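Thanks for making time this morning.

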Amino acid sequence: KGLRDTEHQRASPIPSQFSQEERVTMKESLKGAIQIPTVSFSPGEFNTTALAEFGEYIHKVFPTVFRTSFIQHEVVGEYSHLFTVQGSDPSLQPYMLLAHIDVVPAPDQGWEVPPFSGLERDGFIYGRGTLDNKNSVMAILQALELLLIRNYIPRRSFFIALGHDEEVSGAHGAQKISALLQARGVQLAFIVDEGSFILDGFIPSLKKPFAMVSVSEKGSLDLMLEVNKTPGHSSAPPKETSIGILAAAVSRLEQTPMPNMFGSGPLKMTLQQLANEFSFPANVIFNNLWLFWPLVSRLMEREDITNALVRTTTAVTMFNAGIKVNVIPPVAQATVNFRIHPAQTVQEVLKLAKDIVVDDRVQFHVLESFEPLPVSPSDDQALGYQLIRQTIQSVFPEINIVAPGICIAQTDSRHYTNLTTGIYRFNPLYLQPQDFRGIHGINERISVQAYETQVKFIFEFIQNADTEQRPVSHLHEL
Ligand SMILES: CCCCCCCC/C=C\CCCCCCCC(=O)N[C@@H](CC(N)=O)C(=O)O
Ligand SMILES: [Zn+2]
Ligand SMILES: [Zn+2]
């Protein structure tokens, strides 16, 4: 029997305690990552210099990961990274940790510190990517680095996939990694990606934070509406121009929300698990959704974020028209970004949009679409879900509710549905509504303490995934 087998018999896990020096190193490494502006501008248009620099940077700050014999590193699609960590027990099905290294653009305006400075202020590291999603990229590699330094040898194999174009579709990164793994015949026990948090203050009458593990994610439809008219002199205009017709069409779309789908999809499970956390009379209402669902579904519509949970949302995001002040515009175009509720399909939403516009002068062009993702299991037998739950219980003992939910945005995990039925989106961080506004917004930041806790979570998670038995569920009273 080799060293590995001896290692397996280790009775106790490696404690997730880090020295002062390690804690300083880990936060400085995150700051360095934020300083590399790995911006994705549009599909196929990235800051390639920064992406290449990022590849060199992770070699520099995680040397043990790169020199360990049982870890294979591959660059995929030029800038994405795939790590294969070979476990010692081939009978255990592997899993995968996902994160992305690209970020959305961040003009300086409105930021308290420049968005790519990675400056620390009052215990927070500021910068684009501190929550979405360099925190995960760095925390995953950091946790692995620290485990390796402590001579950890995993039993269960796992992959780490770091995409470089998640913010603009994932076609060059995640899609290619997924194709590569499929070609190798890999099937995964589960995937953990970004997409949800420990939510604090998102539901007004819910006093305590709870962990939401997203088991599905919304789909999307990018629809371009176009109106063409014969151009001419503005001194003798037609009754309606292409701009007027198009403006009326998008206004009808904005004014006519897609149907409220409350009751279908994972939201019901989320609320049922939360029911006892509300004070009277909300607890009675949430415990009797069969009776109160019309009231609850209307309440959910009040706030933008909870509204996004109950329906397909409609966002008019681009409008282009007109060439000169005295020319009747020949063409007007608007782009609408629909985020599709898991209980609907792309075709259903397209039909609904056409039925709302009802104007045959408006042409519809589907630019891109993606169906909502299937709902991953969250029952007692769902290994990935139960490992997340178990690790939350250990790292955040103050959290007594872990509930399945839905991710309102899209993640790279959508490209991996052929590899597993268990896709879980969860970042082990507290998130308040003001933090949420920082994601793709201004003053995105993470506290040094929260980042350390994220590293600790992954450090424990990797070890928990090696446990012989399935973790015991319902450790908390739900
Ligand atoms: C009943 C409980 C209330 C639940 C409130 C939900 C609060 C929202 C929490 C987390 C959502 C944060 C999502 C972060 C992931 C962002 C991923 C992203 O930006 N994706 C892009 C990628 C793309 N280009 O497709 C996107 O546009 O979706
Ligand atoms: Zn992201
Ligand atoms: Zn993002």
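How many residues does helix H5 have, and what does it reach from its first C-alpha to its last? Helix H5, residues 134–149, has 16 residues and reaches 22 Å, close to the 22 Å expected at 1.5 Å a residue, where the expected span is 1.5 Å times one less than the number of residues. Helices here are DSSP runs of H or I with at least four residues, and strands are runs of E with at least two, numbered from the N terminus.

Please bear in mind that this is a predicted model, in which local features need pLDDT of at least 70 and side-chain atom pairs count only at pLDDT 80 or more, while totals for chains, interfaces and linings use all residues. Residues are numbered from 1 along each chain as its sequence is written, and chains are lettered from A and ligands numbered from 1 in the order in which they are written.

Staying with H5, 15 of its 16 residues are buried, meaning that 20 or more other C-beta atoms, placed from the backbone, lie within 10 Å of a residue's own. Just after H5, Asn 151 takes a positive phi of about 65°.

Turning to the sheet, three strands form an open arrangement in the order S6-S7-S19 with antiparallel pairing, where pairing requires at least two DSSP bridges between two strands. Strand S6 (120–121) and strand S19 (445–447) are at the edges with a single partner strand each, so one side of each has no neighbour in the sheet. Within it, Arg 121 stands opposite Phe 124 in S7.

Key. A residue is buried if 20 or more other C-beta atoms lie within 10 Å of its own, exposed if 12 or fewer, and partly exposed in between; C-beta atoms are placed from the backbone.
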